[in-house]
Amino acid sequence: MSAESRVPRPGRQPGASGAGAWAPRTVSGPWSLSRGRARAAAAVLCYANLLNYMNWFIIAGMLLDVQNFFQISDSNAGLLQTAFICCLLLSAPVFGYLGDRHNRKATLSIGILLWSGAGLSSSFISPQYSWLFFLSRGVVGIGSASFSTIAPTVLGDLFVRDQRTRVLAVFYIFIPVGSGLGYVLGSAVLQLTGSWRWAFRVMPCLEAVALILLIVLVPDPPRGAAEKQEEAAMGDPRSSWCEDVRYLGRNWSFVWSTLGVTAIAFVTGALGFWAPKFLFEARVVHGLQPPCLQDPCNSQDSLIFGILTVVTGIIGVVLGAEAARRYKKVNPRAEPLICAYSLLAAGPCLFLALILARVTLLASYVTRSPLSWHGFPCFSPRGPPFWPLLPGPCRAPLSGPSGPSPLYGVCWTPACAQDALGTCPALSS
């Protein structure tokens with residue numbers, strides 16, 4: 001449906017060697033896609049995004065059982081998310097570069113194959129080869145990076161202006177929904193089967209459906225197709241990767257936004273990974289549940305926390321988008337201000353959730369819930385019109401939340417947990 005040709009970059013002649021000698025351009029011919037086909041493609045990408053974020057947090061929903069099976073300490077358990085995040089971090093710019101210059105549909109398909117294959121293989125690893133389980137989480141991170149980096153750009157080329165804003169808002173709603181369903185699936189499958197392994201065997205079935213739908217229904221539109229910028233694309237050949245990075249480094253709005261999203265991700269990623277275990281140990285401290293010494297642990301906290309994440313995440317995205325839309329009528333900087341206000345309001349909620357856990361578990365749940373809907377307005381996009389034209393390195397840092405799990409893993413010792421719950425002998429005397 002789309003056609004690409006090669007044109008020499010400025011100052012180079014055909015046949016010249018060197019990086020960036022040739023750059024793809026969009027042919028100045030008509031390219032169109034029916035509204036129904038575009039919506040079907042958007043639905044497939046949203047479904048795949050749902051599975052993507054389920055993979056991020058499915059292991060957190062059954063972390064206690066994984067630790068017992070592989071005999072992993074809390075500090076080493078944090079390395080599971082570290083391996084995932086580091087591989088995602090390093091591979092996202094690579095996939096962003098490839099997505100700018102090669103077939104995005106093929107790259108997305110490879111990413112789904114990577115994360116589904118790694119997840120399935122991890123369910124067959126024996127306890128004495130725990131290092132392979134850590135490696136598999138890293139491969140899942142690589143596959144996730146390909147999708148998180150490239151999928152929004154495909155949507156950006158299928159829709160324009162307000163349509164793009166609405167579609168991207170729906171796409172990003174599946175961040176909290178997928179994250180919450182990851183907890184729910186892991187916890188539910190564990191309770192039904194008695195083994196955490198089956199959660200990693202159910203996911204590939206869902207991902208196979210996503211892969212088939214992606215191949216059949218999702219096109220790879222020309223870059224900037226929604227704006228019909230063929231002439232602009234021919235007059236401005238693609239820059240090199242280094243030129244992209246230098247340009248972004250001079251864009252202070254982008255730099256500060258990226259640092260802000262990183263700070264959000266630093267907190268939410270770690271809290272998302274450790275919150276179910278914190279709530280489980282709070283139950284143990286209050287005498288509501290015995291300690292988990294053997295599989296399965298039969299904890300309801302992952303299930304409850306997952307449902308809360310889904311509900312409050314949807315509320316947060318919808319309220320954030322609507323508040324920004326209304327506030328922008330009087331203030332053009334509405335989006336960053338709404339994000340900042342919501343995060344400031346989330347700070348006291350986090351403090352109270354940790355402090356009240358030693359008093360009553362219900363109060364901890366109530367104050368922890370606003371953390372989801374206060375944070376997710378920052379991921380409710382207002383669709384910049386130049387999104388599909390941004391280079392890969394620009395999209396990669398905006399691909400989604402990550403977290404400082406190794407730091408939290410090192411700190412999450414039994415003594416620290418007891419301290420947070422007010423039961424540490426050294427501090428309660």
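**Helix crossing and aromatic pairs**

In this predicted model, helix α11 passes helix α12 in a right-handed crossing. The residues that make this contact are, on the α11 side, Gly320, Ala323, Ala324 and Tyr327. On the α12 side they are Ala334, Glu335, Leu337 and Ile338. By class, the residues of the contact come out as six nonpolar, one polar and one charged.

Now the geometry. Helix α11 covers residues 301-327 and helix α12 covers residues 334-356. The two pack at an angle of about 135°, and their axes are 9 Å apart.

Next, the aromatic rings. How many aromatic pairs does a search of the whole structure find? The search gives 15. One pair I want to show is Phe273 with Trp274: the ring centres are 5.2 Å apart and the planes stand at 85°, so the pair is edge-to-face. The cut-off for that class is over 60 degrees.

Are these two residues buried or exposed? Phe273 has a relative accessibility of 0%, so Phe273 counts as buried. Trp274 is at 2% and therefore counts as buried too. The threshold for buried is under 20%.

Last item on the rings. Ring pairs also join residues into a cluster, whose members are Phe69, Phe70, Phe133, Trp196 and Phe200.

Conventions:
Residues numbered from 1 in each chain as written. Predicted model: local features only at pLDDT ≥ 70, side-chain atom pairs only at ≥ 80, totals over all residues. Heavy atoms only, no water. Axes fitted to C-alpha atoms, helices over the stretch in contact; angles between N-to-C directions. Helix = DSSP H or I, 4+ residues; strand = E, 2+ residues; numbered from the N terminus. Left-handed = near helix turned anticlockwise from the far one by under 90°. Contact = heavy atoms within 4.5 Å. Nonpolar A, V, L, I, M, F, W, Y, C, P; charged D, E, K, R; others polar. Phe/Tyr/Trp six-rings, centres within 6.5 Å; stacked < 30°, edge-to-face > 60°. Buried < 20%, exposed > 50% of the residue type's maximum accessible area, 1.4 Å probe, protein only.
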